[in-house]
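I kept this notebook while looking through a structure that was new to me. The entries follow the order in which I looked things up.

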Amino acid sequence: MTLGAQLAYLEAASPFYRERLRGTRVTDPADLPRLPFTTKEELRVGQRAEPPFGPHLCAPRERLVRIHVTSGTTGEPVAVGFTRRDHEANSAVGGAAFALAGVRSDHVIAHCLNYALYAGGIADHMALEASGATVVPVGTGQSRRLLELIGRLGINALFGTLSFPAHLAGRARESGIEPRALGLRRIITAGEPGAGLGAVRAEIEAAWGAAVADTFGMSDVWSTMAGECGAGEGLHLTTADHAVLELVDPDSGAPVGLEDGASGELVWTHLRREASPLLRYRSGDLGRVWTAPCACGRTTPRIRIDGRRDDMLRVQAVNVYPQAVSALLAEDPRLGRHCIVAEGDPIVAPLWVFVEAPPEVDPGPVAERLRAALRARFAVHRLAPGALPAAEHKTRIVHRTARGDTLPAAVEQARSQ
């Protein structure tokens, strides 16, 4: 579907979008900045007034085959409707991303994300099937059972959060099993930053003897829509026929040109979505885009997510994005898992960074590199490799003591010394 056809559909089907499109004709992606943004808070307000979907629902309810909700990690969840065609499109976009990340038809892949309300469960399951793989629906909380079934079912690939493979390796060793002996060949990660951290990736690959590739998606856009080829920076988008990407300045909202190396907030407009389409949707994701051909030969744009606009920490009039810290730490292959501890409300400098690293790493130069790049004061404390927990679910990077966040045991111990 062309952009013009999609906008005509929105105008005819939804009072929410009809108001936004009135008097403005847009047929080319370059003209999208003439239209207002859609924000998640607007969707929430509409859904409170007209539950469950609000006035932006564009398909008759009898055509819906499934309802998901967004994760709600940064606020009230949003309901997302799917028609059958929406699911077919989601599977096509996600299947292409998984194939790009190395999932093959001879893979028997354990799907180890939550199968509950959010789209990464059953929707990503369908996308993995579309990639050609055989899927084993494991879900979460099944680590011991999964270890029993890997050999029995011929499982040779795994899909989960970045934390899960390290967690599963720990459970295997507790049971006297060497992870490499189980025969996994491919590990696909999603839903958590950090796959770019050289030390974390090396730890997982060494433990399992398997290659790691990252993916990216959003429950309210497409559940998986980018995959890592391994040959160059970023993850290749697989949305060419299904969504338009814009970059905007996260503060002013002004357009940022989609040029190689450009950075900004990612804004999405659906091209093929019937039930819950989005128009100039401010994702809150801050990232970078590459448009030059990749070393793998593909010419599709690539993205890297560097942080979330609503995760920003304001430290003495300086805005610090946690994943900008992660990106800088990722440049040193000796550094592994880390967490950030923010004291006070308002936050009092310095920001504490607790990072796993070998004894030869001097925390001083690491703190200075963070200060020089991000213009805020940092204090870095080295933790022994493996000190931070590898959880079955997503792990939290930022801990704010003024809000009563629970700190990892290793961090509590380091703070008390």
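**Entry 1: cis peptide bonds**

I began with Pro 52, which sits in the loop between α3 (40-49) and β1 (64-69). The model is a predicted one, and I read every value below as computed from it. The bond from Pro 51 to Pro 52 is a cis peptide bond, and its omega is near 0 degrees.

I then turned to Pro 346, in the loop between β17 (338-343) and β18 (348-356). Asp 345 and Pro 346 are joined by a cis peptide bond, with omega at about 5 degrees. I noted both bonds because most peptide bonds are trans.

**Entry 2: positive phi**

Gln 316 belongs to the loop between β15 (313-315) and β16 (318-320).

Arg 375 is not a glycine either, and I read a positive phi of about 65 degrees for it. I located Arg 375 in the loop between α10 (363-374) and β19 (378-383). With a relative accessibility of 61%, Arg 375 also goes down as exposed. I wrote these phi values out because most residues other than glycine have a negative phi.

**Entry 3: the chain as a whole**

Next I stepped back to the whole chain. I counted eleven helices and 20 strands in it. The radius of gyration is 22 Å, close to the 22 Å that the globule rule gives for 417 residues, so the chain is as compact as a globular protein of that length. Along the principal axes, the C-alpha atoms fill a box of roughly 65 × 55 × 45 Å.

How much of the chain is buried? I noted 53% of the 417 residues. I also looked at contacts between residues at least 6 apart in sequence, and 65% of these join residues at least 24 apart.

**Entry 4: His 111**

I picked His 111 in strand β3 (residues 108-111). Is His 111 buried or exposed? Its relative accessible area is 0%, so His 111 is buried; the cut-off for buried is under 20%.

I left aside the neighbours within four places in sequence and looked up what His 111 touches. The contacts include Gly 120, Gly 121, Asp 124, His 125 and Leu 128. Val 135, Val 136, Pro 137, Val 138 and Gly 139 are also among them, as is Phe 159. A polar atom of the His 111 side chain lies 3.3 Å from the backbone nitrogen of Leu 113.

I also checked a distance from His 111 to a residue 171 places away along the chain, Arg 282. Their C-alpha atoms are separated by 29 Å.

**Entry 5: two helices**

I looked at helix α9 (residues 322-330) and found seven of its nine residues buried, so α9 is largely enclosed by the rest of the structure. Which residues of α9 are the buried ones? I listed Pro 322, Gln 323, Ala 324, Val 325, Ser 326, Leu 328 and Leu 329.

In helix α4 (residues 84-100) I looked up Ser 91. Ser 91 is buried, because its relative accessibility is 11% and buried means under 20%. Not counting residues up to four places away in sequence, Ser 91 is in contact with Met 126, Ala 127 and Ala 130.

**Entry 6: the cavity**

How many cavities of 30 Å³ or more does the structure hold? I found one. The largest cavity has about 50 Å³ of space.

I wrote down its lining residues: Leu 43, His 56, Val 78, Ala 79, Val 80, Asp 220, Ser 276 and Leu 278. Sorted by class, the lining has five nonpolar, two polar and one charged residues.

**Entry 7: the start of the chain**

Thr 2 counts as exposed because its relative accessibility is 53%, and the cut-off for exposed is over 50%. From Thr 2 to Arg 25, 23 residues along the chain, I read a C-alpha separation of 14 Å.

How values were computed:
Residues are numbered from 1 along each chain as its sequence is written. This is a predicted model: local features need pLDDT of at least 70, side-chain atom pairs count only at pLDDT 80 or more; totals for chains, interfaces and linings use all residues. Side-chain values use heavy atoms; hydrogens and water are left out. Helices (H or I, at least four residues) and strands (E, at least two) are DSSP runs, numbered from the N terminus. Buried means under 20% relative accessible area, exposed over 50%, partly exposed in between (1.4 Å probe, protein chains only). Contact means heavy atoms within 4.5 Å. On a 1 Å grid over the protein atoms alone, a cavity is a set of points where a 1.4 Å probe fits but cannot get out, and a pocket is an open set with protein on both sides within 12 Å along at least five of seven lines; lining residues have an atom within 4 Å of a point. Grid points are joined across faces, edges and corners, and a volume is the space filled by probe spheres set on the points. Ala, Val, Leu, Ile, Met, Phe, Trp, Tyr, Cys and Pro count as nonpolar, Asp, Glu, Lys and Arg as charged, and the others, Gly among them, as polar. A polar contact is a pair of N or O atoms within 3.5 Å; within protein, one must be able to donate a hydrogen and the other to accept it, and residues adjacent in sequence count only if both atoms are side-chain atoms. The radius of gyration is taken over C-alpha atoms; the globule rule is 2.2 Å times the number of residues to the power 0.38.
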